[in-house]
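My plan is to go from the overall fold to single residue pairs.

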Amino acid sequence: MSYEKFIQELAKGMGGQIIGYTNTDNDNACLIYLKSLKHRILVPAETIETKRAEVILALRSKINEGLNGTALLVLKDDGDKLVFEGEEKTGEQR
C-alpha cells in the first residue's frame, strides 16, 4: 500500500509537524515521523483503509495535543473507537 496520499492529506494544516513516513511492509503499517525525531506513530494499513477519515482526525488531534514523552504510539482499532497505545522514551523502541 502506498501511503503518500494519506500522509499528504494528514499533513494539510499541520504546520510541518509531520516530517516523513516509512512503509513497513512486514508490519503492514505506516510509521509516521514527527518534527521531533524521537516521536513516531505507527498506524496499521487495515485501519487506514477501513477508517481513513477517523484515523486522520484522531492523528491530527493527538499530534496537536502532543505525545507527552512517548517515543512511539500505536493507533489501534478497538472496534467502536480508535485508541493510542504507547511506549515511554525509556522503554524498548521498535
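**Overall fold**

I note that, among contacts between residues at least 6 apart in sequence, 41% join residues at least 24 apart. The model is predicted, so I keep to its confidence limits: local features need pLDDT of at least 70.

I looked up the secondary structure next. The chain has two helices and five strands. Along the sequence they run α-β-β-β-α-β-β.

Of the 94 residues in the chain, 39% are buried. The accessible surface is about 5700 Å². Carbon and sulfur atoms account for 45% of that surface.

**Nonpolar cores**

I asked which residues touch the most other members of the largest nonpolar core. They are Phe-6, Ile-32 and Leu-59, in a core of 22 residues. I then listed the elements that give two or more residues to this core: helix 1 (4-11), strand 2 (29-34), strand 3 (40-44), helix 2 (45-65) and strand 4 (70-77). Helix 2 gives the most, with seven residues. In soluble globular proteins, nonpolar side chains tend to be buried together.

**Thr-22**

I moved to strand 1 (residues 18-24), where Thr-22 is found. Is Thr-22 buried or partly exposed? Thr-22 counts as partly exposed, because its relative accessibility is 29%, and the buried class needs under 20%.

I listed its contacts, not counting residues up to four places away in sequence. Thr-22 touches Ala-29, Cys-30, Leu-31 and Tyr-33. With Tyr-33 there is a polar contact, side chain to side chain, at 3.3 Å. I also looked up the spacing to Ile-32: Thr-22 and Ile-32 are 10 residues apart in sequence and 6.6 Å apart in space, C-alpha to C-alpha.

**Salt bridges**

How many salt bridges does the structure hold? I count four. Side chains of opposite charge can pair when their charged atoms come close.

Glu-9 pairs with Arg-52, with the closest N and O atoms 3.2 Å apart. This pair links distant parts of the chain, as Glu-9 is in helix 1 and Arg-52 is in helix 2, 43 residues apart. Glu-9 is partly exposed at 34% relative accessible area. Arg-52 is partly exposed too, at 29%.

Lys-51 and Asp-77 meet through their side chains at 2.8 Å, N to O. This pair also links distant parts of the chain: Lys-51 sits in helix 2 and Asp-77 in strand 4, 26 residues apart. Lys-51 counts as buried because its relative accessibility is 14%, under the 20% limit. Asp-77 counts as partly exposed, at 35%.

Lys-76 forms a salt bridge with Glu-85, the closest N and O atoms being 3.2 Å apart. Lys-76 is partly exposed, with a relative accessible area of 35%. Glu-85 counts as partly exposed at 41%.

Notes
Residues numbered from 1 in each chain as written. Predicted model: local features only at pLDDT ≥ 70, side-chain atom pairs only at ≥ 80, totals over all residues. Heavy atoms only, no water. Helix = DSSP H or I, 4+ residues; strand = E, 2+ residues; numbered from the N terminus. Buried < 20%, exposed > 50% of the residue type's maximum accessible area, 1.4 Å probe, protein only. Contact = heavy atoms within 4.5 Å. Areas by Shrake-Rupley, 256 points an atom, 1.4 Å probe, with all protein chains shown as cover. Core = buried A, V, L, I, M, F, W, Y, C linked by side-chain atoms within 4.5 Å. Polar contact = N/O pair within 3.5 Å; in protein donor to acceptor, adjacent residues only side chain to side chain.
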